[in-house]
Amino acid sequence: MILKILGCNGPYPAPGGACSGYLVESDSGRTKLILDLGSGTLSRLMENIASLGEIDAVILSHLHFDHMSDVPVLGYMLDFSDLETLKLICPETPAEQRKLIKGKFDVYPPADTVIGEFKIEFVKVRHPVETYAVRLSCDGSVLVYTGDTNECAEISLFCDGADTVLADCGLSGGDWSKSKPHLSPEKCAELARDAKVRELILTHLSPRYDPEELLDEAQHIFPNCIAAEPGMQIRI
Ligand SMILES: [Zn+2]
Ligand SMILES: [Zn+2]
C-alpha cells in the first residue's frame with residue numbers, strides 16, 4: 001500500500017502546512033481510504049484525486065478539529081458531486097462535533113471491517129475524547145495509525161508486528177508527562193521498538209518544535225524513523 005501525507009501538524013498548522021490527514025491507497029490503486037481530514041488537508045487531497053468517487057471511505061480517529069475540520073467542507077463538495085453517499089467511519093462523541101457532520105455521508109461507528117482490498121481494525125486509545133487507533137492490512141503489509149494517544153497497553157498490543165507505525169508525536173520529551181494527551185519522540189520510539197515494527201513515522205508535529213530535534217530524539221532509540229512532511233509518499 002502507499003501512504004500519502006496530506007498534513008502532519010497538530011493541534012494547528014505550521015505556515016503552509018496542514019493538520020492531520022492521510023490518503024492510503026492499495027498497490028493496485030483500486031481502493032483509497034482517507035484517515036483523518038484536519039484543517040488544510042482537503043485541498044491537498046484534491047491534488048491527489050480526480051473525483052470523490054475514487055474514495056472508498058473516510059475514517060476519523062476522533063472528533064478534535066485538527067482531525068476533522070475539513071469534513072463539513074467535504075460535505076459541501078459531496079453535495080455537488082454525483083455520488084449518492086460517501087462512507088464515513090467516526091466516533092459518536094463528542095456530540096457537539098458529531099452534529100457538524102451531516103449531508104450525504106453514510107456514517108458508521110468504528111468496528112472491524114473490510115473495505116475493498118483493506119482489512120480495517122480499530123482499538124480505543126488514551127486521549128481526552130473517544131479516540132481510535134486504526135490498523136490497515138493490505139497487499140501483505142500492515143500500517144498502524146495511532147490517532148492521538150498517550151501510552152497505553154491497547155496501543156502497544158495493536159502495533160505488534162506492524163510494518164509501519166504512524167505515531168502521534170505531539171509533544172517534545174521535555175513537555176511530555178504521563179497525564180498528557182500525546183506521545184513524545186522517545187515514547188513513539190519505544191512503542192515501535194517494543195512492538196518490533198519495521199518503520200516509524202512521527203506525525204502530529206507541533207509547529208512549536210523543530211522536527212529535526214524530535215526526529216533526533218526518536219532515532220536514538222529507534223533508528224528506522226522519519227518525520228512526516230506534507231506531500232511525502234511512503235510505500236509500505
Ligand atoms: Zn490532534
Ligand atoms: Zn486530539
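## Helices on a sheet: worked exercises

Helix α6 (residues 185–194) lies across β11 (164–168), β12 (199–203) and β13, running at about 155° to β12. Helix α7 (residues 211–219) packs on the sheet too, touching β12 and β13, and its direction makes about 165° with that of β13. This is a predicted model: local features need pLDDT of at least 70, side-chain atom pairs count only at pLDDT 80 or more, and totals for chains, interfaces and linings use all residues. Residues are numbered from 1 along each chain as its sequence is written, while chains are lettered from A and ligands numbered from 1 in the order in which they are written.

A few terms: helices (H or I, at least four residues) and strands (E, at least two) are DSSP runs, numbered from the N terminus. Axes are lines fitted to C-alpha atoms, for helices over the stretch in contact, with angles from 0 to 180 degrees between N-to-C directions. Residues are in contact if their C-beta atoms, placed from the backbone, lie within 7 Å.

**Exercise 1.** Work out how α6 and α7 are oriented to each other.

*Step 1.* Look at the axes: they come within 8 Å and cross at roughly 40°.

*Step 2.* Now classify the angle: under 35 degrees is roughly parallel, over 145 roughly antiparallel, 65 to 115 roughly perpendicular and the rest oblique. The two helices, α6 and α7, are therefore oblique to each other.

*Step 3.* Find the residues in contact: Pro185, Glu186, Cys188 and Ala189 from α6, with Leu214, Glu217 and Ala218 from α7.

**Exercise 2.** Find the edges of the seven-strand sheet.

*Step 1.* Write down the strand order of this open sheet: β7-β8-β9-β10-β11-β12-β13, with mixed pairing. Two strands pair if DSSP finds at least two bridges between them.

*Step 2.* Check the ends: β7 (113–115) and β13 (225–227) each have a single partner strand, so one side of each is left without a neighbour in the sheet.

*Step 3.* Zoom in on β7: three bridges join it to β8 (residues 118–124), and the two run antiparallel. Val114 sits opposite Lys119 in β8.

Notes
Contact = placed C-beta atoms within 7 Å.
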